[in-house]
Amino acid sequence: MQSSSSGDDESEIMRWVSGVLCVSLVAKTLLGGVAHADEPEIPAISDAMQQFVADKEIAGAVTLVVGPDSVKHVNVVGHADVANETPLKRDALFWIASMTKPITGACVLMMQDEGKLSIDDPIAKHLPAMKNLKLADGTPANITIRHLMTHTSGMSELPRESAYTDPTLTAAAERYAELPVLFEPGTEWRYSQTGINTAARIVEVVSGLTFDRFVEERICRPLDMTDTTFYLSQEQQDRLSKTYRVIEVDGDTPKHLEETTISVLSGGTPMNRDRFPAANGGLFSTADDYAKFCQMLLRDGRANGKQLLSKSAVEQMRTICTGDIKTGFTPGNGWAIGCCVIREPQGVTKALSPGTFGHGGAHGTQVWIDPENEVAMILMVQRANFPNADASKVRQAFGEALMQAL
């Protein structure tokens, strides 16, 4: 974990946000930018992203800001494939990584809405093998679903090289049940991928559906999210933005972007179905698709004339329930069900409103949903080696430019 950006970083960000407004339309075209006269755009956001592309911080970006029933900003800049100079498009798919977690949170709370579980249930009630989980002193670990969804369970992680090799969540959960518990549940915050996936396995048990089918039938289909999936089709694969890491200046070699891989695929392709639906970070999506999920939350759970998620469930996704426990990955935050919540804006979040909630992804994607201003901001990029993706300059510049425009 890293703390907020330094003063030098903040000055540089303000230079990007305010000092590049003179970027010409010709330059945008050369860098693969897309802007249409009939679509709303906040120039400071677009120009900041343009500069990050020019500086080789990212290959490209789709930025989208929506209200409950409207689009307030959209811009596309850069490339989906740098080597082939393929322009990024608005309908490009991205690995959204941990932006999957709020969707998992919504799935858990749907089952609570239906009376099939409570977030305060002991996990062993639904997964008997979890009765074997113990603390270091041998006493039983009394983990609840709430602990799973707030990273306070103490559950350990599997070795990185084998964490995503199981074909089903059933098989993965069996391995999780053999791991040690690191601390008494509810007393500390430690990011736990196994905890989120365990919660998804509970959704499978109480719903009778595999988690990928549950997400498809209960989230994606009702919201018309046609490009959000754990497993890509060939047509979607063709629209997937490549993932890059930044190689800094080294001797005579200039700073550049180098293609890299997606960890949850374990060397396979996004089309391979012989892997479990990773509820912690396995989804692919587009900016417009994810915006539909955000708009549902901005409307207190309503979508297409139906109450998809209860208002009280939405409240649980945006209300801190970790008390005074220090949480990551940037300071000033607390945790709700499946979401980070900004308690005291500072550093990367200093321009955002208290109570804003959402989640970032390992390769730089981010969603923040601001109930006070009734907006959601969605950032889609694919860069693997941010020093701390949650504290990236790209995220901070997006948030500051948006808040200045509101």
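The largest pocket of this predicted model lies between domain 1 (43-99 + 228-405) and domain 2 (108-207), because both domains give residues to its lining; the domain bounds come from an automatic or database domain assignment. A pocket is here an open set of points, on a 1 Å grid over the protein atoms alone, with protein on both sides within 12 Å along at least five of seven lines, whereas a cavity is a set of points where a 1.4 Å probe fits but cannot get out, and lining residues have an atom within 4 Å of a point. About 1,100 Å³ of space lies in the largest pocket, a volume being the space filled by probe spheres set on the grid points, which are joined across faces, edges and corners. Its lining comprises 44 residues, and R160, Y191, Q193, S263 and A362 are those nearest the centre. Among the elements that supply at least two lining residues are β10 (333-335), β12 (357-360) and β13 (366-370), while α7 gives the most, with three residues; helices (H or I, at least four residues) and strands (E, at least two) are DSSP runs, numbered from the N terminus.

Residues are numbered from 1 along each chain as its sequence is written. Local features need pLDDT of at least 70 and side-chain atom pairs count only at pLDDT 80 or more, whereas totals for chains, interfaces and linings use all residues, and side-chain values use heavy atoms, with hydrogens and water left out.

The second largest pocket holds about 470 Å³ of space, and its lining is made up of 22 residues, of which Q237, L240, S241, K242 and T243 lie nearest the centre. Two or more of the lining residues of this second pocket come from each of β2 (71-81), β3 (86-87) and α9 (234-238).
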